[in-house]
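Biologist: I'd like to learn how to read the chain contacts and ring pairs in a model like this one. Can you take me through them?

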Amino acid sequence: MYQYDQTDHTLTRERVTEYRDQVSRRLDGNISEDDFRPLRLKNGLYMQLHAYMLRVGIPYGMMSSDQLRMLAYIGRKYDKGYGHFTTRQNLQYNWPTLEDTPDILENLASVEMNAIQTSGNVNRNVTSDPLAGVAPDELEDPRPYAEIIRQFLTLHPEFSWLPRKFKVAITGAEDDRAAINVHDIGLKLLKNEAGETGFRVLVGGGLGRSPFIGKVIREFLPKDDLIRYIQAILRVYNMEGRRDNMFKARIKILVHELGIEKFASLVEEEFQASEEDVLFLGQAEEDRIKAFFAAPDYADLSDDSPEVIEMSSGNEAFAQWLERNVLAHKQAGYSIVNLSLKPLGGVPGDITSDQMDAVAGLADTFSFGQIRATHRQNLVLADVAKKDLPSLWQELVDLNLATPNLDRISDIICCPGMDYCSLATARSIPIAKRLSERFADLDTLLNIGEIRLNISGCINACGHHHVGHIGILGVEKNGEEFYQITLGGSSSEDADIGQIIGPAFSSEDIIDAVEKLVGIYISNREDDERFLDTYRRLGKAVFKEALYDAA
Amino acid sequence: MTLLKNGEIVEDTWRNLADDEDISGEESIIVSLDRWQNEPDKFNGRNGALGIRLESHQKPDAIADDVERFDLIALDFPVLPDGRAFSHGRLLRERYGFKGELRAVGKVIQDQLYFMQRCGFDAVELSEGEDVAKSIAALNAFTVAYQPAADDIIPAYKTRHDA
Amino acid sequence: MKMTLRMVTANRLHDGAVVYLAADDDWTRNVESGLAANTEDADKLMTTAEEAVHNQLIVAPYLIDVEVDVQSSRPVRPIRFREQIRAKGPTIFAPAAE
């Protein structure tokens with residue numbers, strides 16, 4: 001993975017110094033909360049319901065074991081012994097004090113991490129495919145480009161006061177695990193007819209109050225134009241994006257109001273006017289960055305592992321885990337292992353400092369010392385030798401990180417909701433816990449097949465409910481929590497915004513309603529059809545009727 | 001109000017002219033874009049330096065062909081979150097070739113100064129209450145940068161490979 | 001007997017903790033130790049709170065409705081569910097506590 005050089009270190013340290021001064025000015029009364037708020041947000045610090053919340057950036061979800069150990073240490077020393085992985089491959093702490101945050105950043109800087117631009121109206125963490133570099137369906141590793149973009153957008157002097165937040169995601173694979181359709185800019189590596197590799201560029205996707213699927217602005221962008229084109233999009237957005245209404249300030253609204261053709265022509269005009277050579281990275285720098293993402297030193301192994309065959313035959317739990325959480329690797333003899341942060345009755349995405357330390361150790365032993373965070377709030381050990389799977393599984397079971405539910409109904413994306421978040425209108429975590437308990441029976445869980453179930457505690461949609469196959473949105477009605485169901489959404493290559501199925505359910509009834517939906521699917525599915533496919537084939541009316549009539 | 005130019009405290013010799021004020025005389029005046037666009041010919045042959053002030057919604061392409069007429073361009077930052085003038089500053093310097101004083105006015109606090117400088121501003125009118133010494137220091141908050149802008153800092157992707 | 005009164009809540013500046021305005025311009029972590037007032041007097045509480053903002057003690061104060069025990073005139077609990085969660089903490093166990 002990428003390693004800091006002197007420049008990266010200097011910049012990170014200088015940012016810590018600057019932030020420390022900003023905090024001390026606030027505590028001394030030399031800056032108002034109004035002025036301080038955007039400054040602390042640009043460094044990932046929120047004020048939530050009970051306390052401050054600090055979001056730490058994990059560029060495109062890649063962590064070294066030393067970094068994860070530092071995250072564990074910070075969780076213990078400055079928080080309550082745990083952290084929470086987000087949908088954008090970051091980690092957040094729920095209980096730091098304002099006074100401690102400069103020291104936390106100092107600690108992070110010592111392991112080449114920071115909280116720069118993890119919130120606020122700036123360019124956020126560039127996210128990517130958690131299986132980058134190891135997935136068999138990948139055209140090219142997107143991480144070098146993610147790192148190039150990360151650097152270009154870090155402390156960008158022109159784009160640090162954008163109309164609203166700005167999120168870039170990039171993938172190099174067929175199967176979109178980075179949700180590029182619902183990002184401000186989505187990039188997909190592909191080849192043109194001449195056989196050259198470049199990017200399809202999407203713009204104006206996003207969730208929140210007004211969900212939009214991104215629109216193609218460039219079918220093929222040559223690699224050398226990447227930075228210059230991103231600058232053009234951002235410059236048009238910075239100058240033209242709405243500043244009169246914060247709810248209409250995202251680029252998706254600008255693209256929607258202008259129309260993609262008009263927006264694209266503005267970008268093209270700006271792109272053509274910008275100086276080509278200035279923003280050309282140069283082959284030497286591209287090569288330097290690519291070298292950090294070279295494949296690790298794989299051993300020469302066979303895909304047939306006697307250890308795995310033996311263990312699977314006698315151990316159903318292992319076999320289920322192998323079938324569900326372990327994915328094919330592009331390198332013979334290796335597997336991709338998903339660590340579920342969705343245990344039975346757990347809080348989706350939460351992880352204790354002890355678990356972090358243990359996972360760091362497992363990464364050192366089994367996966368070249370690296371860990372990845374996923375968009376769906378799980379972790380990945382990306383380079384595990386097949387022969388090691390039985391030993392790794394045993395360790396993961398002991399850590400409660402081996403629930404075999406990847407992409408199953410209890411693998412829920414869930415925002416913090418009203419248990420933590422000051423914007424939330426309802427709780428989301430208790431719904432996730434109860435759903436995982438309702439679908440606790442493994443045979444049932446696995447029989448249901450793939451379902452992406454996403455829960456948000458308010459219309460800001462941090463839990464991505466719009467793009468869940470089943471989406472649940474918490475709302476407040478007369479002082480009580482109600483939950484609205486959307487169906488048919490997806491954030492993958494078949495991306496779509498889910499449709500509201502009908503009136504909201506009470507907290508008491510929502511779990512039964514989901515179970516009923518699953519029942520409708522089971523009794524109507526054909527062959528290996530997923531829930532989403534059955535829904536799209538039958539249409540909303542069938543599900544709506546069955547859900548509400550029987551009630 | 002403290003005016004910093006190139007990192008030093010200087011006296012402000014300019015005066016903002018209201019749209020109904022007379023432009024004759026030899027003082028250094030800053031006029032609105034409306035004034036300039038309504039009667040550009042009136043400024044021909046005027047003695048005394050001329051500046052123009054753009055609101056944050058007024059794009060600099062409106063004066064792209066006129067930049068040589070101005071000794072000063074003031075760009076307004078009406079509120080802290082409004083960052084349009086960062087783009088405007090760069091365009092004036094890098095695309096339209098403005099060489100005179102580029103001044104940030106409005107809500108200007110120390111935390112924006114480094115970025116303003118990188119976007120081509122050589123002068124800033126500090127908001128009331130800003131610590132002047134700290135503001136001057138903030139111009140050097142960072143010694144490295146990842147991207148080129150309107151200043152002389154060479155981006156990391158070039159310095160890394162220069163022998 | 002219970003009735004509804006108003007009190008001021010905020011987050012403490014230095015650590016973000018939830019606090020309530022109490023007697024003697026003090027701030028308490030405990031909602032039951034806070035000062036409850038009728039609607040007219042609530043404005044006075046807010047004035048006190050704004051001073052505390054000015055003195056870097058708290059951030060973003062606002063008024064909430066609380067249920068008050070008439071006999072003791074002590075706040076029992078906030079009316080809104082959101083405020084009950086703020087008063088008592090998350091309704092789910094933090095993983096480290098399990």
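Modeller: Keep in mind that this is a predicted model. Two pairs of chains are in contact, and chains A and B share the most contacts. Chain B and chain C do not touch, with 15 Å between their nearest C-alpha atoms.

Biologist: How many residues of chain B and of chain A are in contact?

Modeller: Chain B brings 35 residues and chain A brings 45.

Biologist: How many salt bridges does the rule find across the interface of chain B and chain A?

Modeller: Ten. Arg160(B) takes part in a salt bridge with Glu285(A), at 2.8 Å from N to O. As for polar contacts, the rule finds 23 residue pairs across the interface of chain B and chain A, both residues being at pLDDT 80 or more.

Biologist: Which helices of chain B each supply at least two residues to the side that touches chain A?

Modeller: Helix 2 (84–95), helix 3 (110–118) and helix 5 (156–159) of chain B do. Helix 2 of chain B gives the largest share of that side, seven residues. By class, the side of chain B that touches chain A has 16 nonpolar, eight polar and eleven charged residues.

Biologist: Now for chain C and chain A. How many residues does the contact take from each?

Modeller: The contact takes 24 residues from chain C and 33 from chain A. Chain C and chain A bury about 2,200 Å² between them, 62% of it on carbon and sulfur atoms.

Biologist: Which residues form a salt bridge there?

Modeller: The rule finds one salt bridge across the interface of chain C and chain A. Glu476(A) pairs with Arg80(C), and their closest N and O atoms are 3.3 Å apart. Polar contacts between chain C and chain A come to nine residue pairs, both residues at pLDDT 80 or more. Strand 1 (2–12) and helix 2 (81–88) of chain C each supply at least two residues of the side that touches chain A. Helix 2 of chain C gives the most to that side, with four residues. The side of chain C that touches chain A divides into twelve nonpolar, six polar and six charged residues.

Biologist: Let's turn to rings. What describes a pair of aromatic rings?

Modeller: The distance of the centres and the angle of the planes. Over all chains, this structure holds 21 aromatic pairs. Take Trp95(A) and Tyr420(A): their ring centres are 6.3 Å apart and their planes lie at 70°, so the pair is edge-to-face.

Biologist: Where in the chain do Trp95(A) and Tyr420(A) sit?

Modeller: Trp95(A) is in the loop between strand 5 (91–93) and helix 4 (101–110) of chain A, while Tyr420(A) is in the loop between strand 16 (413–414) and helix 14 (429–438) of chain A. The pair links distant parts of the chain, 325 residues apart.

Biologist: Is Trp95(A) buried or exposed?

Modeller: Trp95(A) has a relative accessibility of 17%, so this residue counts as buried. Tyr420(A) is buried as well, at 5% relative accessible area.

Biologist: Which residues do ring pairs link into a cluster?

Modeller: Tyr521(A), Phe531(A), Tyr535(A) and Phe543(A).

Methods:
Residues are numbered from 1 along each chain as its sequence is written. Chains are lettered from A and ligands numbered from 1 in the order in which they are written. This is a predicted model: local features need pLDDT of at least 70, side-chain atom pairs count only at pLDDT 80 or more; totals for chains, interfaces and linings use all residues. Side-chain values use heavy atoms; hydrogens and water are left out. Contact means heavy atoms within 4.5 Å. A salt bridge is a side-chain nitrogen of Lys or Arg within 4 Å of a carboxyl oxygen of Asp or Glu. A polar contact is a pair of N or O atoms within 3.5 Å; within protein, one must be able to donate a hydrogen and the other to accept it, and residues adjacent in sequence count only if both atoms are side-chain atoms. Ala, Val, Leu, Ile, Met, Phe, Trp, Tyr, Cys and Pro count as nonpolar, Asp, Glu, Lys and Arg as charged, and the others, Gly among them, as polar. Rings of Phe, Tyr and Trp (its six-membered ring) pair if their centres lie within 6.5 Å; planes under 30 degrees apart count as stacked, over 60 as edge-to-face and the rest as tilted. Buried means under 20% relative accessible area, exposed over 50%, partly exposed in between (1.4 Å probe, protein chains only). Buried area is the accessible area (1.4 Å probe) that two parts lose on being put together, summed over both.
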